[in-house]
Amino acid sequence: MPRVNPIDSSFFKDERGPGDFTVIGKTVPRSDALGHVTGRTQFFEDRTFPDLAHLKIHRSPHHHALIDSVDTSEALRVPGVLRVLTHEDVPANWYGVLRLIGIGPDDEVVLAEDRVIYRGEPIVAVVADSEAAALEGASKVKVSYTVLPAVLDVEEAMSPDAPVIKKAGTNYFVYEGHHARRIRFGDVEAGFAQADHVFEWRYSSAPIEHAPTETTGCIVEPKPDGRLLIHSNTQAAFFTLDNTALIINRAPTDLQVKGGTVGGGFGGKVDVMVEPLACIAATLTNRPVKFVYTREEEMQVSSPRAAERIYIKDGVMNDGRIVARKIMLYVDAGAYARHSPYGATKAAAHLPGPYTIPNVYADCHCVYTNRTPSSAMRGFGVTIADFAIESQMDRVARALGMDPLQFRLVNAYRDGDMKAHRKEASGTALIEVIQRAAALVGHDLPAEYQAMSSSTPRGAIA
Amino acid sequence: MTLLHGRGFASVNYPTGMNLGGDPSQALVHATTMGGFVVSLSSVDLGQGLKTVVAQCAAETLGIPMENVIVDTADTDTGPHCMGTFASRGTHRVGNAVIMAAREAREVMLQVAADELEVDAGDLETDGTGYVAVKGAAAKRIHISDIALAAHFKQGKTISGRGIFLKERSYPVPETGEMDPDSCQAHACTVAEVEVDDETGVVTVLRLYNTYEIGRALNPAMVAQQVEGGAWMGVSHAIFESTEPYYPASREHGPVDFSEYLMPGPGESPEQTSVILERPASNGPFGAKGIGEMTANAPIPAIANAIFDACGVRLATMPFTPESVLRGLDALRDAA
Amino acid sequence: MLTEVHVPDDVDAAVRLVSSGARALGGGTSLMPWLNDYASPPTELVSLRRAGLARIDVAGEAVTIGAATTLAQVEQDERLEILNPVVRSIASVPVRNLATVGGNLFARQPHGDLAVALVALDARVTLVGADGSRELPAGDDLPPFIVTRVAFALPAAGTFRYVKAARRRWNSASIVTVAAVVTESDGVVTAARVALGGVGPRVVRAHAVEAALVGGPLTEQAIGVAAEAGRSELAPADDAYASAWYRARVFPVHLRRALLGR
Amino acid sequence: MSVKIVNLKVNGVDKAFMARPETTLLLALREQLGLMGAKRGCAQGACGSCTVLLDGAPVVSCLVPAATVDGGDVATVEGLADGRRLSDVQQAFIDGFATQCGFCTPGMIMSAEALLARNPDPTADEVNEAISGNVCRCTGYAPIVSAILDAAQRRRERAEGADQEATL
C-alpha cells in the first residue's frame, strides 16, 4: 500500500473549495512503475549499436596551470583509438549555458586552450572502438604545464591581492556593474540603531554532489539524413539541443534530442557537458558515440551544489520583532559560471527568509575559485540560505529567551506584506504550517499564536 | 556513554519557478481515431512522476478516464518546447500548459459530440468514464471513441488543443534587487528529533515531523514520495555529504564513489510523520505549487537546532560530522 | 588494459600463471573497480574461482578457510559464529557474495576488517609460489603469491571481542576497528591479543595495549590506560570518512566498547 | 587479446556469447544478451544497480569478469515475471510507490528476491541489511523497505494458500 500523508482540510477550507475532482487529488498509480520493476524502462544507455564508439577525457591534474604543450601522438597509437579531439575541433569552444537567456559573458571552454583553472578540467577527448581503448588513449595524452597559484577560498578570491583567475578580469560575476546581486530595502543601519539587540553569526557549507544513481551521459547517433539523434539524460531537452547547436555550430534543425527518462537529476543534468563533444565525435567518425561519465567523474568533475558562506546580522527588539537583517552571502561558483549567477540571484530573492523585516540589506556574491564549477542543484540558492536563516532564528530565539516557534510566528510573513525584493506576498501559509507542526509534536502555543492567520494583516485583530 | 536527545525546528518557504529568462512550457493534445488523447511534450521526468501528473491534469480537464491519455514526451522532433525540469517548475508550468491544451481539445470534442447528438455544446458534460452526455439527461450520451471516429471520418475535424504557460521575464533592478521571479510559494515546517553520542559525536536523526503547504496535492502518494525522499536527502546533506570533506582548507580526499560519498543507508532512515495543507495557488494547475526541491531544505536547520538542543553544540558548518560535534563537545567540556 | 582472464582448475596452474606475471583475482572487489574505469598496464588475471580454494573446515578448535571462500560463505557458516559480526560489518550483501577471505588480507585500510580479526585470532596464512608454499602470520606483509588458506584456532568462548565503528550502520569503511582475544582468570587479564583497523596504513597489532592490559583487571580505568599506551602505535590518516584527528580521538572509546561491551 | 565463448543459463535459458577480457557479467548481459534491466551506476561495486543473482546469490555483476562464470546460472529482473504476472516483490514495489526514477529498482528488487528466498519472514532491520548495498537517491528507502516487507507477507500468504490447496 502506498504511504500517503493525511491532508488536514480544516486549514484554508474556503480556498480549497469542494475539491470535487475525478482524478486530481487521487492516488493514481505511477505510469512508469511497471517498466521500472520489470527492467523495461529504457534509459539513454539501454540501447546497443554494433559500431558504437566511446569517448573518454584527459583531464587536468592541477587546480590552476598554463598549458605549455599537448602531445596526442601516443594516444593516437593506442590500438582502437579513432580520433583525438582538442579545442581546435570545437567550432565555438567558448560558451556559457545561460547565454540562451541573454546572460554572459561566455566564460567556459568545452576543451581547455592555453590554461586550466580547475582540477579535472577537460583538455583532450579520445574516441575509440572500445571503452578500454578510450581510457587507455586518454591516459596516453601528454600535457606539460606551468603550475600557477590556486585560489580556493571565496573571501580570499574577492581580496585585491588574489591572483585573477578569470579572463573577464574579476574573480566574481558582475551583476549589471555590481560585484554582487543586491537587495536594498529600507534602511538597515537605522534598523540596527533602533534595535534592542544585534546578533551576527557566520554559516558555511561544503560542496555537495547530486549523486544520481545514473551518471550523466549521452549516445549520439548519426542518422541516414545527416542529422544527429542525441539520446540523452538531460533534464532539459531543448536547452541541451540549443546550447549544443551553438557550440558545434550546426543548425538546430540538424539535431534531435530524445530522453525524458532520467536516473535521478536533482539539477545535475542541466549543464550541457557531454552532448557537444559526443556530437563532434559522431560527426568526425560517422559512428554512434557514447560519452558517459564514470562514477568518479560524476563525483568529482560534474558540478556540485555550491559551497556557500553566509554572514547574517540581525537587529531585534525585546518583543521578538526583527527590525533589520543584513546578509553577506558568497556562492563558491568554482571555476566557471554555469548556473551559479542565477543561483545567487535566486538566493537574493529568497532573503531574508519567510519573515517580514522592514530593513534588509544583502549582497549575494557569485565568486570564482579554482575548484570544480558548481551549478544547479535541488533548491540551490535557497537550501544553504535556509540552513543559515533557520539556524539564526533558533539562536536569536534562544538569546531572547523566546519559544522558537513563537519567535518565528511573530515575524512570519503574511498576505499583503512587502518582501525585500519588492514583491507583495500572497498565498502565504508559513503561520499555518508552524501551527500544524506544533500540534503534530504536542508543542503548546498560546491562544494568541494559535489565532494568527496568514490572511489576516499584521497587527489586525484575528 | 550518554545519548543526548534534542528537538529542533525550522520553517521555510520555497518559490515555484525561478524566472530570469522568460519561463515557458508548451503542450499539444490531440485525439486518435478511437478516442485516445495524446499529450505531446518535450518535458523530462526525473523520477518525480511528471508523466503521471500531467496525465492526471489532461484526464481531469478533458473529463475522460486516465486510461485514454497517452503521454508522449521528451523528443524534440515531436514535442513542443519545455524549458526543462528544474526550479520546482514541472508540475506548475507543464501542468498549466496541458490544462490549456486539454481545454481547447475539450471544446472541439464537445462540439463534435454536440453535432452528433444534435444538441448545443453548452448543454454537454463529461462524466469521467468516457461519455459525453447532455446535462440532466444522462441517457442522451455518446462515447469518446464514437466522438473521435466522427471527428476523423465524418465531420473532418481535428480534436486538438494547444497550450502554453509563460512566466514572463523579470529583470532585477540592479540597485535594489526588485524583481518578480517566482509564481507562488510553498511552505514547510519540520521538527527534527536527534540523538547525540557524547563520546563519539555521532548524530542519529530519530524522527522528522513535517507539515507542508503545497497548494493542491494532485497525487497524494507522489506528494508523500517527494516529502519523504526529500527529507532523506536533507538528513543526508545535514550529517553526511560533501565532495570536499576538508573544504575549503584542502581539496584532497574528495570521495570518488558511493563507498566514500557518504549518505544515510536504509539503516539510518528516520521515522517520518507528515501532514499536508492545501492553500491553492491562483496560478497553479488545480492550485498546485511545486515542491520537488524544497523538501530537502527544512530538515537541515531543524537537525542543526536539534543537535544544539541535545548537547549545546552550535554547528554552523555543513555537514555536521561526528568530528565537528565532538570538537564542539570537547570545547564545552574544556570550558566547563 | 585487461588482456586475458584465466580461470584455472587447480592451484598449480594458478601459481604458474602468477609466476609468469599474471595477477591473482579473488572476488574482484578491489581489483575490478580499478580495471573497469581506469587505464592500466597490460594485465592478465588469474581467477581463483575454480581453483578449489573455497571451503571451510572445522575440526575441533582448528579452523581452516580456503582463500577463495567468500565472506558470505563465512557469514552463513554456523561453525564460524564468532566471525559473523566481522564479515557482516564489511561492505554489503552483493559484495560479500564475491569478496573472498584471501582477498580481504590484501584490502587497503580502512577496509580489510576480517584481516583485523584474523590478526587478533593469531591466524596463519598459507601462500604458494613457484618455489613452494610457506606460512606467514596474518598481518605480515604478504608477497605477491597466491594465498591458499588461512588457519586459526577458535578462541575460548566469550574471549573474542569485535567492534567496528563506521559512519553508517551497514556498508561503510572503518573509522576504528577493534578485534581482540582477551583471556581472564580470577578477574585478571592473563593474555590479550589486540588488533586495530582504520587507524593506520595497515592492520595494527597493538602490542602496547596488550602489555598494558595483561596482569590487571579489565576495567574502564585499565582500558583507558591501555588506550593511552596504544596511541603511539596508531598512524591514522585523513580520508573521505574521517580525519586522522578524529580516529585517534575516538580510539579509546571504541577500545573500551569493544573490550567491555559498553 | 583473447576472446572467449562463455555459456550461461540466464533466466532458465541457455545462452552463449563472446567475451573479451574486459567484458564483465554486467556488460555481457546488457550488450551481448540485450538484457538492460541491470544498470551500470558506478562500475565500482558500490551502487548495487547491477545486482543480479549468480547461482542464486546476489552479486554486483559489474565486478565479475564474464569469463570467470562460464557455466553459471544467472537470474535477472527480466526473468521474474511469469508472463504478465509479476513477482510479489515487483507488484509490491508498484503498489507501494517504492519507485521514483527507477534506476536502482531492478538491482533493489533482485536483492529483495534473494533475501526472501533465504528468509521468508524478515524483520525490517534484516531488509535494511539486505539492501544496504543498493543505493537509492530518490525515495529515502522507507517505501522500499515497506514494499519488501509487504512482498514477504504476500509470499507467505501465497505459500499458505498453496499448502491449503495441497491438503484439499
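**A:Y118**

I began with A:Y118 in this predicted model, and found this residue in the loop between strand 6 (115–116) and strand 7 (122–128) of chain A. Is A:Y118 buried or exposed? I count A:Y118 as buried because 25 other C-beta atoms lie within 10 Å, and the cut-off for buried is 20 or more.

Next I looked up what A:Y118 is in contact with, leaving aside neighbours within four places in sequence. My list reads A:H63, A:G334, A:A335, A:N370, A:R371, A:T372 and A:P373. I also checked A:L152, which is 34 residues from A:Y118 in sequence; C-alpha to C-alpha, the two are 10.0 Å apart in space.

**Chain B**

I turned to the fold of chain B and noted six helices and 11 strands.

**Chain C**

From the UniProt record I took one annotation: an unreviewed entry lists residues 1–173 of chain C as "domain: FAD-binding PCMH-type". I checked that span in the model: 26% of residues 1–173 is helix and 28% is strand, and the end C-alpha atoms lie 28 Å apart.

I also looked at where chain C touches chain A, and the contact takes four residues from chain C and seven residues from chain A. By class, the chain C side has three nonpolar residues, one charged residue and no polar ones.

**Chain D**

My last stop was chain D, which is divided into domain 1 (4–79) and domain 2 (88–167). I have their C-alpha centres 22 Å apart. The contact between them takes 14 residues from domain 1 and 11 residues from domain 2.

Which elements give two or more residues to the domain 1 side? I found strand 3 (51–54) and strand 4 (57–60) of chain D, and strand 3 gives the most, with three residues. Sorting the domain 1 side by class, I noted eight nonpolar, five polar and one charged residues.

Definitions and conventions
Residues numbered from 1 in each chain as written. Chains lettered and ligands numbered in written order. Predicted model: local features only at pLDDT ≥ 70, side-chain atom pairs only at ≥ 80, totals over all residues. UniProt positions renumbered as here; feature names shortened; annotations may be inferred. Helix = DSSP H or I, 4+ residues; strand = E, 2+ residues; numbered from the N terminus. Contact = placed C-beta atoms within 7 Å. Nonpolar A, V, L, I, M, F, W, Y, C, P; charged D, E, K, R; others polar. Domains from an automatic or database assignment. Buried ≥ 20, exposed ≤ 12 C-beta atoms within 10 Å, placed from the backbone.
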